[in-house]
Amino acid sequence: EQSSTHGWEFCFYYPAILGLMWIVLWWYCAADGPEIHPFISARERTWVQHELAVEAKARRQQSQRSGGGRGPDDDANGTVPWREVLLSPTLWAMYIINFSGNWVWYTLLSYLPQYLLEMLGFDLSNAGLLFALPYIVMLGSGIVASNVADTMVSTKRLSLLSVRMLFTLAGGLGCAAYLIGVAQGPTKSVSILLLCLALLHLSLNSVAGSFLIANDLYPKHAGVCMGVSNSIGSIPGIVSPLLGGWLLAAGHCPSDGQFHPDLPDTCAAAWHSIFYIAAGIYVACSAAFAVLVRGS
């Protein structure tokens, strides 16, 4: 039975084609700085260079007010401040919350289609757009949330720390709450609504919360900090699918891709555990984030 108009192989071809198109655009549109960008206007180039100079001056003044010492991001030789990268409590708050967010992300990527099909009876072949809706909501909410966060900071309605705390904790706790709702096996429409809300909250942390801490603290070394964060955040991509598979096998859940209205209670409990574990990890890591950031 054909699973789509073009066959399952195009699930891989489409992203590959889009990736190649992106490479071409990036090659011709990206540059190392505004002074060598091929398409930037003179007005925008002047604005960017001015803002960079203002930001550098502000960092120097902040360093002087804090005692005149050199900050970990001011190394003239460009040496990575590995001590701060590996030991900073604030950065570890970012690493921890990235771990928990990725646990949720990889859990949904690995098991959400199977859950919707086998537990709720969705027809995957005729509801592709419906399944994409939570991710579309995640994209749109990320664009809105990032602009809201920037407005809060620029208008000084909240401090930068308060903005990062607000979006990180709202994202983590909100996402966890809606995942628990999804685990209860509601109706099809309610499950999609809860998934939309869960991914909406997940995006808050990504675009306006803890993911930006490295750039706030160490803009020159933000790439290194994010590299460490993503290395730690990749662990759930290994552990979460393995744990989920073990739980489903222990619960005697079928894996034939068919809807089973009379699944055993052990299978339902296994699915509940998968979502509860993801929600619990996110709540625990959100609490650790708050403690570490406030303490530092």
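1. In this predicted model, the sulfur of Cys-196 lies 12 Å from the closest cysteine sulfur, that of Cys-175, which is too far for a bond. A disulfide would require the two sulfur atoms to be within 2.5 Å.

2. The model contains 1 disulfide. Cys-253 and Cys-267 form this link, with an S to S distance of 2.1 Å. The bridge is right-handed, with 125° about the S-S bond. The link connects distant parts of the chain, 14 residues apart: Cys-253 sits in the loop between α10 (235-250) and α11 (265-295), whereas Cys-267 belongs to helix α11.

3. Cys-253 is buried at 14% relative accessibility, and Cys-267 is buried at 0%. Cys-29, by contrast, is partly exposed, with a relative accessible area of 37%.

4. A separate point concerns helices α4 (residues 89-118) and α5 (residues 128-154). Their axes come within 11 Å and cross at roughly 155°. Angles over 145 degrees count as roughly antiparallel, and α4 and α5 are therefore roughly antiparallel to each other.

5. Which residues of α4 and α5 meet? On the α4 side they are Trp-105, Leu-108, Leu-109, Leu-112 and Leu-116, and on the α5 side Phe-131, Tyr-135 and Met-138. By class, this contact has 8 nonpolar residues, with no polar and no charged ones.

Key. Residues numbered from 1 in each chain as written. Predicted model: local features only at pLDDT ≥ 70, side-chain atom pairs only at ≥ 80, totals over all residues. Heavy atoms only, no water. Helix = DSSP H or I, 4+ residues; strand = E, 2+ residues; numbered from the N terminus. Buried < 20%, exposed > 50% of the residue type's maximum accessible area, 1.4 Å probe, protein only. Axes fitted to C-alpha atoms, helices over the stretch in contact; angles between N-to-C directions. Parallel < 35°, antiparallel > 145°, perpendicular 65-115°, else oblique. Contact = heavy atoms within 4.5 Å. Nonpolar A, V, L, I, M, F, W, Y, C, P; charged D, E, K, R; others polar.
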